Amino acid sequence: MPKVTQQHMDARRAQILDAARRCFLRDGFHSTSMQDLFAESGLSAGAVYRHFTSKDEMILAIAEENMRDVLDNTLAIATNRQGQSIGEVLADLLDVIRAKSVEKDVAGLAVLVWGEAMRNRSLARKLDHLMGRIRAHLVTMVRDHQESGGLPANATAEGIASTMVSILPGYILQAALLDQAVVAEVPDAVRALWPGPAGEH
């Protein structure tokens, strides 16, 4: 038997998750059966179960992939400390979300995942952990802005970061439910509302 390469395994995993996204968006989590997923992916039950033992595992994997680009973006900001304004930071995050929504309907999937997390405590805990990582990266950046005078010091960095994070679900919900023209100008509006790099005020 030829050895299965990691590249092959990764491609199969991506094939399964792409099929799961289509099924979940079309029929919802609970109306989608494992048989539906086998048929949509074009793979055998054994091939699918080799990567995921349940729909819950697929939902979690999709949620993690959805948030990976946002996590990477916030980490880069916190690590590089580029002196971007709050508006630029938020707008960049919204641009990432919008691009991923066009590519894979990340916004629609995010809304489905949130609904599922209301009844699935394991998924809720994982989402809380992922959001906590995003918030921690933003706290680092906010503190830099406060130290340079670009943000007020009479609010905690944690509170300001949580406020920034709060904007993301509202944008995602609109991107999922409304015409794309409604949200197309939001990133530019955010840049205009909070202009200037750290230290300019």
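For my residue classes, Ala, Val, Leu, Ile, Met, Phe, Trp, Tyr, Cys and Pro count as nonpolar, Asp, Glu, Lys and Arg as charged, and the others, Gly among them, as polar.

Ground rules: I'm in a predicted model, where local features need pLDDT of at least 70, side-chain atom pairs count only at pLDDT 80 or more, and totals for chains, interfaces and linings use all residues. Numbering runs from 1 along each chain as its sequence is written, and side-chain values use heavy atoms, with hydrogens and water left out.

**Pocket**

I looked up the largest pocket and got a volume of about 460 Å³. A pocket here is an open set of points on a 1 Å grid over the protein atoms alone, where a 1.4 Å probe fits, with protein on both sides within 12 Å along at least five of seven lines; lining residues have an atom within 4 Å of a point. The volume is the space filled by probe spheres set on the points.

Of its 22 lining residues, Met 67, Trp 114, Leu 127, Met 131 and Ile 172 are the closest to the centre. By class I have 17 nonpolar, 1 polar and 4 charged. H7 gives the most, 6 residues (helices are DSSP runs of H or I, at least four residues, numbered from the N terminus).

**H7 against H8**

Next I checked this pair: the axes (lines fitted to C-alpha atoms over the stretch in contact) come within 8 Å and cross at roughly 125 degrees. That makes H7 oblique to H8, since angles under 35 degrees count as roughly parallel, over 145 as roughly antiparallel, 65 to 115 as roughly perpendicular and the rest as oblique.

In the contact (heavy atoms within 4.5 Å), H7 residues including Met 131 and Ile 134 meet H8 residues, among them Ile 160 and Val 165. Its residues divide into 11 nonpolar, 2 polar and 3 charged.

Conventions:
Helices (H or I, at least four residues) and strands (E, at least two) are DSSP runs, numbered from the N terminus. Axes are lines fitted to C-alpha atoms, for helices over the stretch in contact, and angles run from 0 to 180 degrees between N-to-C directions.
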